[in-house]
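The following exercises are intended for a reader new to this structure. Each task is followed by a solution that goes step by step.

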Amino acid sequence: MSPAGALLAPPADHRDGGLRPGHRSAGPDRPGPASFGGFVARAAAAGRLVVQPRMGFADPERMRAGLAGTRSLAAATVGTLTIDSYTRVGDHAAARAALAEGVPLNGYPIAAHPAERTRAMLDGILGPSFPVQVRHGSSRPEPIVRALAAAGLDATEGGPVSYCLPYGRTPLAESVANWARACELLATLVPAPGVPHVESFGGCMLGQLCPPGLLVALSLLEGLFFTRHGIRSVSLSYAQQTDPVQDTEAVRALHRLAAEFLPPETDRHVVLYTYMGVFPRTEHGARRLLEDSARLAVRAGAQRLIVKTAAEAHRIPTVRENVRALRTAAASAAPAARPPLAQPWPADGSPGPAETADSEVYREARAFVEAVLELGTDLGRALRTAFARGVLDVPYCLHPDNAGRSRSFVDPGGRLRWAETGAMPVPPYLAPGGGRAPLTSDGLLAALHGVAARYDTPVTA
């Protein structure tokens, strides 16, 4: 067998639908489609945190090797196909030309590769014990949705706001319409008993310096948008920020708001992202931050963690570096993991005792959600109106449809706060004594680099 043929053959030590070596199944592993939400739910019920890389390579053989490495870990893992930039912006001709000319791409061009080739790449790897999600960053996702469904996949992520405002100048109204069609298309293209899954990227707006209340609200609103366009399985995201106590409040607020606002029949879970801002440049700093994010996920009740690697500050990580990061995250989560009956999220998805208190983040997030829902029953139109009026306003976001009147800062205790709120339904923060020094450019830079600097500082005995 040729090297290429060997790579595209099923792994010798795996059986599609069987158990992974060293991997304790989160539930019965029956033959059939891999349900992304179902896999995470079974892992959560068993008290296990699902860990996932952000991995994408243009070459199917290298992409398969990355998925195989992820699948082989003795941990609850799911795979990722991160899509290249040409495909993300809809320039499929450029993606095809790059493949033909051997030009490196920064992800897997799923719409440029024939569906048969992607199916061959996934054969023997994708299965009930190893679902795979497509991640892309596109405000025009329809071709990507068609391609992933043709390849036998059913899980993706994004959203009408979160895949529009941070990434370019696509009008928000256009992105909302595109995402409505994409959700309805995904719901139509995935055959039963498959369950299409969409993850909101709303909890990751700009990666940093957005106070958690707005992140939680955007994620919840996008999840609700997905359900109104035919999606029955969703995940809500939140990116680790500057303060672990505030982050814990945010994850728990997501659980509670999901129980309060999403249709009760919706399959749902919460996913935490390891810090997405300026990343530590040292290996020890990056490792410590990753370990803390895994512990935060378990403590706060997230069921899935998107990891980053020690190479993040310098370049695109290799398969080996991704696998190492997944192993580190899983090991960091395991000692803190609670037995199934002590998880903060009951099996029916209703809020547990840890989520019933009105935290500062919950109160703020609910104010945003209610303000948007009051703008009309058409959620897509309500989102557009909310941004047009400044009811939703992402700080430091330069998109033309963002009002740009909000500003945030990190207070002395490490919490992200509102300095200016414009027309949003929340007040700016006033420190005891009633004042706060204005944020300068030097102060903004210090805030942007604060987490990296803290973790890069050597730990002394």
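**Exercise 1.** Is the crossing of α3 and α12 left-handed or right-handed? Determine also how the two helices are oriented and which residues join them.

*Solution.* The model is a predicted one.
Step 1. The crossing of α3 with α12 is right-handed.
Step 2. On the side of α3, the contact involves Arg62, Ala65, Gly66, Gly69 and Thr70, while α12 contributes Val319, Val323 and Leu326.
Step 3. Sorted by class, this contact of α3 with α12 comprises four nonpolar, three polar and one charged residues.
Step 4. Helix α3 spans residues 60-71 and helix α12 spans residues 319-333; their axes lie 9 Å apart and form an angle of about 20°.
Step 5. Angles under 35 degrees count as roughly parallel, and therefore α3 and α12 are roughly parallel to each other.

**Exercise 2.** Identify which residues of helix α6 are buried and state how they are arranged around its axis.

*Solution.*
Step 1. Within α6, residues 115-122, the buried residues include Thr118, Met121 and Leu122.
Step 2. These residues cover an arc of only 95° around the axis, so they are on the same side of α6.
Step 3. After α6 comes glycine 124, which has a positive phi, near 85°.

**Exercise 3.** Describe the protein as a whole.

*Solution.*
Step 1. The secondary structure consists of 15 helices and ten strands.
Step 2. The protein has 461 residues, of which 57% count as buried.
Step 3. Among contacts with a separation of 6 or more, 74% are between residues 24 or more positions apart.

Definitions and conventions: Residues are numbered from 1 along each chain as its sequence is written. This is a predicted model: local features need pLDDT of at least 70, side-chain atom pairs count only at pLDDT 80 or more; totals for chains, interfaces and linings use all residues. Side-chain values use heavy atoms; hydrogens and water are left out. Axes are lines fitted to C-alpha atoms, for helices over the stretch in contact, and angles run from 0 to 180 degrees between N-to-C directions. Helices (H or I, at least four residues) and strands (E, at least two) are DSSP runs, numbered from the N terminus. Angles under 35 degrees count as roughly parallel, over 145 as roughly antiparallel, 65 to 115 as roughly perpendicular and the rest as oblique. A crossing is left-handed if the near helix is turned anticlockwise from the far one by less than a right angle, and right-handed if clockwise. Contact means heavy atoms within 4.5 Å. Ala, Val, Leu, Ile, Met, Phe, Trp, Tyr, Cys and Pro count as nonpolar, Asp, Glu, Lys and Arg as charged, and the others, Gly among them, as polar. Buried means under 20% relative accessible area, exposed over 50%, partly exposed in between (1.4 Å probe, protein chains only). The arc is that of the directions from the helix axis to the C-beta atoms.
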